[in-house]
Structures are given as structure tokens and as C-alpha cells.
Amino acid sequence: GGKDRRSGLILTIPLCLEQTSMDELSVTLDYLLSIPSEKCKARGFTVIVDGRKSQWNVVKTVVLMLQNVVPAEVSLVCVVKPDEFWDKKVTHFCFWKEKDRLGFEVILVSANKLTRYIEPCQLTEDFGGTLTYDHMDWLNKRLVFEKFTKESTSLLDELALINNGSDKGTQQERERSIDLNFLPSVDPETVLQTGHELLSELQQRRFNGSDGGVSWSPMDDELLAQPQVMKLLDSLREQYTRYQEVCRQRSKRTQLEEIQQKVMQVVNWLEGPGSEQLRTQWGIGDSIRASQALQQKHEEIESQHSEWFAVYVELNQQIAALLNAGDEEDLVELKALQQQLSDVCYRQASQLEFRQNLLQAALEFHSVAQDLSQQLDGLLGMLCVDVAPADGASIQQTLKLLEEKLKSVDLGLQGLREKGQSLLDQISNQASWAYGKDVTIENKENVDHIQGVMEDMQLRKQRCEDMVDVRRLKMLQMVQLFKCEEDAAQAVEWLSELLDALLKTHIRLGDDAQETKVLLEKHRKFVDVAQSTYDYGRQLLQATVVLCQSLRCTSRSSGDTLPRLNRVWKQFTVTSEERVHRLETAVAFHSAAEKILQECPEPEAFNEMDQFDEIEAVGKSLLDRLTVPVVYPDGSEQYFGSPSDMASAAEHIREKMKLVSLKKQQLRQPEATTPES
């Protein structure tokens, strides 16, 4: 980087103790001398050969080599010698002898005397100067520059070939040229970045000081490198811009062709195999299992379509992105592709959705039909089983369950009609599978099946309704039968209770004739109630016979109830007759006794003692009857009331008989005293 006093460049050749290869040194010198411009070379070179660490023969060889490498450019060669070495006479004599042949002056100088020929500011620190120089830094920058120059030059040639190929006449030639040279050997972005970094480093070192703060003058090779780098960068940017445009156009055309190809693939599949799949699937099945199988098949078809619909979504996004780019030359073609793709996909999606809805409606129809069929089977099974309930409550429960099942069947049939009509409406509105073509779809089989199912269910429901009417009448008769039997049994219970009450509570015979007559009247009314109960029971049992004949069954209760009713009634009749007989005897006894006791004695009555005897006979007969049990037709016996109750009634009669006897005695005393007087 230093310069001599003639502004010539200084070339320093450091020699070392190791063996120096002259070939390598010659190549290095050739390279270094190729760096400066011709103008710099014209000013000549000052060569410093640093031989302080080398031998004289090597130094001499290097100096002689300079004649062959740079004879015209070298003006002065300064050989820096060691402090104590070499024979001065020999060395001086040799260089002086060769001066005319070499063509340049050679001086032998110590390092500290070098400043006599070159300014200290142009010498590095190795020679006692102040020139700042970092050889490794220079070498690294030079390598970067060389690499950038080589890569950029090669890249420019490649880009020019690509760009010029894209400017050819026909589209086919452009595509062929671009295909052959489409990708550069190196990345243009990387090369541009390297060039910008290199230029920035060169410019920074030109305008700024070195790291040590000492002013630094750039070398001529660096000054020369800046315009070269700038020129290469400008050319690269120009060619790269054209290349990017070529790539963009190519990418756009390639993308457009790929989109068009994919669009046609989607359209061809949807209009071809996709539509054919739908054309072959027109049935709705005749059961739940068949409809589910068709649904599964349809899901497989939908799955295949979904893959193509995913491609459609991706293509639509790509087309939308290209439309937003705003290239007018492609707008018409892109819009046409987009419209064609959308029309085909939407039509196919509509057909898939319609088919799915139709199959779902068919599945719901068959589900309702199956549920209704099961309900009808359950109802029919219930009707086919003979009714053998235990009581009227169970019959009522069974009848309620029957009505609920019939109502459920009505609702199920109504739901089936609604589902069937909805399905028929969908079938009648079924669109053609072919796009825009009038294609007749054979749906008669589906329609006949739907109508046949609804008619069959209607007939089955009607048959069940008829059977329900018969069963309802029969069950109502059975309810009435059980009611009659229950009421008849209740009549027996009531009659038994009346008999029990008659025996246990109807025991008083009255204290006088009036009270006894009242008891007798009450007893007759009591008997009337019992008679009504018996007649009611008889009527109920007669009704059970009629109902059993109508139902063609034998009553489990009437055969037992009727004998019980007759037996209780006979017992009641015998007991009632006994009660009447006792009350009538008591009335006769009380009437006669009261008449005797209340009447004043007449003279002629003293001789009529037979009335007293009759009263005593009646009283004794009544007392005897109180001690006798009621004997039923079956031989069983039953007493009125308890023994204490009977004793109380007998005691009352005896008291009255005593009064009558006393009265009799009173009447007899006057009759006895009259003869004595």
C-alpha cells in the first residue's frame, strides 16, 4: 500500500529461512502485478526484498527473477541485508556487474537506512516506518473480492443467457430456453449480499480511520476494487431483476397451467366417475338395515368426493390469490376456470347433500315403520291372549293399558304418514343426476314401497282396532261380572251381619205391651231390609249367570255365593220367625198381664181364675222359649244374646208373673173370708 517518492507502488518480498519456491514466488508476483491498473504500472515499482532472514544466493535468485517477471515496471530494488552477513565486496560487485543487464538499480541497504530512499510514512513497522498494514486482513478482503468477482461474472453470464433466452420470438422457444437454463449455479441473493458487504467494507476503510485511530490511505487496488464491485453489483441487480421477472412470469404460467390441469382433473372426475357413482345409487332400501347400508355406501362416496372438494378449496384459494395479483392478461382465463370449477363442485355437492337427506329421511321412515310394527305386534299379542284376570281392578288396568297401546299406535301411524309424505315429496322433487340434462329417474319402486308400507300399517292397525273393540266389550262385561260377584258377596256379608245383629242385639222383649209392639214393628222393618238385601243378592247372581253365558265362561264365585246366600237367608228366616214368635208371645203376655193388673176387681171376676192360669201358662211358655236355642235347617244351633242377657229378660217376665200371682192371691182372699163371716 505504500508509495515511493515517484508515486510508484512499493512491492515487498519477505524471505524466510525455509527454502523458497521460485515457481510459487513467480506466480505470486504475477498475481500481485496484475492487480494495479496500467496507469499505476506506468509509474514503476520499488521492490523491497527483505533478505534479513535468508541467504545471499536466494536473494540473488529473487533479484534476477524480477528481470523476467517485471523488467520494465521495476525502477529500484532495495535488498534489506542483515546487520552482519554477506561479503560486501562480493555482493556489491555482483549487483553492479548485472546492472545493465537487469535494467533496474539494485541497492543493498540495512533496515534502518531504508528511509533514505523511501519515506517512513510509506514503510511498515517491519522497516521502521509508520504505515499501518494488516496482511491477513488484506488477504481476506482480496479473497472475498476474487470470489465475488468470479461468482458474479459467472452468474452474470448465466443470468444473461436465461434472460436473453426468455426474449426469443415464440413461446415454445422461450420455454425451451428457460427450461434448459432456469436455475443459476449460485444463489443471486447470496452473491449480491456478499458484494454489498464487500463494498461497504471498502467504502468504510476509505472514509474512516483504522482501528488504532491513525489516518490510513487506501491502496490503489482497493480503490480500483470499489468501482469494479459497484459495476458488478449494478449489472447483477439489473440482470437479477430481469431474471426475477422471467421467473415470475414462468412461475405464473406454470402455476396457471398446473391450476388449469388440476381444475380439469377435478371437473373430469366429478362429471365422470363421481356422477356415475350417484347415478347408480337411487334406491332408499326396504328396511332400516338396507337404508343404513346405503348410507354407509353414500358415506364412502362422500369420502371420495371430499378429497376432490379439498383440492377444489385449495385451487379456489390459489385462483383468488392470482386474481388479487391483478394481471389483466390472465383475469379472464382465471375467472372462467374459477366459475367452471365452482359450478361443477356446487352442483355435485348439492346432489350429495340431496342424496344424504333422502337416505336420512328413508332411515327415519323405516325406523318409525319398524317401531309401529313392533307396537302392532305387541298389541296383537296382547289381544290374542285370553283374558283371565283375578279381579275387576286388574281388568281395568289391562283395559287402560290396551287403550294406551292403541293410542300409541295411532300416534305412530300418524308419524309414519308424516314421514312417508315428506319422503314422497323429496322423491317427487328429486333433481336429475346429470348436469343440466333431462334424465328420468325411476322412482316408482321407491314410491310403491313407501305407499305399500303405509297401507299395510293402516290395515294392521284397523284389524287391531276391530279386535280392541271386541276385547273392550268383553273386558267391560268381565268388569261388570266381577262387580256383580263382588256385590253379591257383599250382599251375603250384609245379610250375615244382619243375622249376627239379630242374634246379638235384638234380644229385648220389652217391659210392657206397648214397648213390645214397637220392638215388633222395628223387627218387621229390619226383616224388610234383610229381604231387600237378599233380593239384591239374588238379582246380582242372576246377572252373573247371564254375563257368564255371554262370555262363555263359568263364574268362580256364583256357584259358591248362591248357596251361601240361601243358607244365610234361611238362617235369618228361622231366626226372624223365632224372634217374631217371642215378640208376639211377649205382646200377648204383657197385654193380658197389664189388663189384669190395671182392671179393678169385679165380684164376678173372682170366679174367673182361668185368665190367671192362661197368663201363667203364656209366661212359662215364654220363659221356656228363652232358654231354647234357634235350630237351623242344617242342625246347627244359635242362642239369642248372651246368657246374662237372656237371664235379664227372663227375670223381668218373672217379676211380672209374680205381680200377676200376687193379684190372683189378692182376689182369692176375699173369696176365702166370706164364708167365715
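**Reading salt bridges and cores in a predicted model**

Q: Which residue forms a salt bridge with arginine 237, and how far apart are the closest N and O atoms?
A: Side chains of opposite charge can pair when their charged atoms come close. Here, arginine 237 pairs with aspartate 234, and the closest N and O atoms are 2.5 Å apart. A salt bridge needs a side-chain nitrogen of Lys or Arg within 4 Å of a carboxyl oxygen of Asp or Glu. Both residues sit in helix α9 (residues 220-280), 3 residues apart, about one turn of the helix. Helices are DSSP runs of H or I, at least four residues long, numbered from the N terminus.

Q: What should I know about the model and its numbering?
A: This is a predicted model: local features need pLDDT of at least 70, side-chain atom pairs count only at pLDDT 80 or more, and totals for chains, interfaces and linings use all residues. Residues are numbered from 1 along each chain as its sequence is written, and side-chain values use heavy atoms, without hydrogens or water.

Q: Is glutamate 578 buried or exposed?
A: Buried means under 20% relative accessible area, exposed over 50%, and partly exposed in between (1.4 Å probe, protein chains only). Glutamate 578 has 13%, so it is buried. Glutamate 578 lies in helix α15. Leaving aside neighbours within four places in sequence, its contacts (heavy atoms within 4.5 Å) are Arg625, Val630 and Phe640.

Q: What parts does the salt bridge of arginine 625 and glutamate 578 tie together?
A: Their side chains meet at 2.8 Å, N to O. Arginine 625 is in helix α16 and glutamate 578 in helix α15, so the pair ties together parts 47 residues apart in sequence. Arginine 625 is partly exposed, at 30%. Elsewhere, salt bridges that share partners join Glu403, Asp469 and Arg472 into one network. The whole structure has 17 salt bridges.

Q: How many residues does the largest nonpolar core have?
A: In soluble globular proteins, nonpolar side chains tend to be buried together. A nonpolar core joins buried Ala, Val, Leu, Ile, Met, Phe, Trp, Tyr and Cys residues through side-chain atoms within 4.5 Å. The largest one here has 77 residues, and Leu416 and Leu423 have the most contacts inside it. Helix α13 gives the largest share, 19 residues. Domain 2 (276-476) and domain 3 (506-668) both give residues, so this core lies between them. Those domain bounds come from an automatic or database assignment.

Q: Which residues is leucine 416 in contact with?
A: Beyond its neighbours within four places in sequence, leucine 416 contacts several residues, including Phe365, Leu372 and Met457.

Definitions and conventions: Helices (H or I, at least four residues) and strands (E, at least two) are DSSP runs, numbered from the N terminus.
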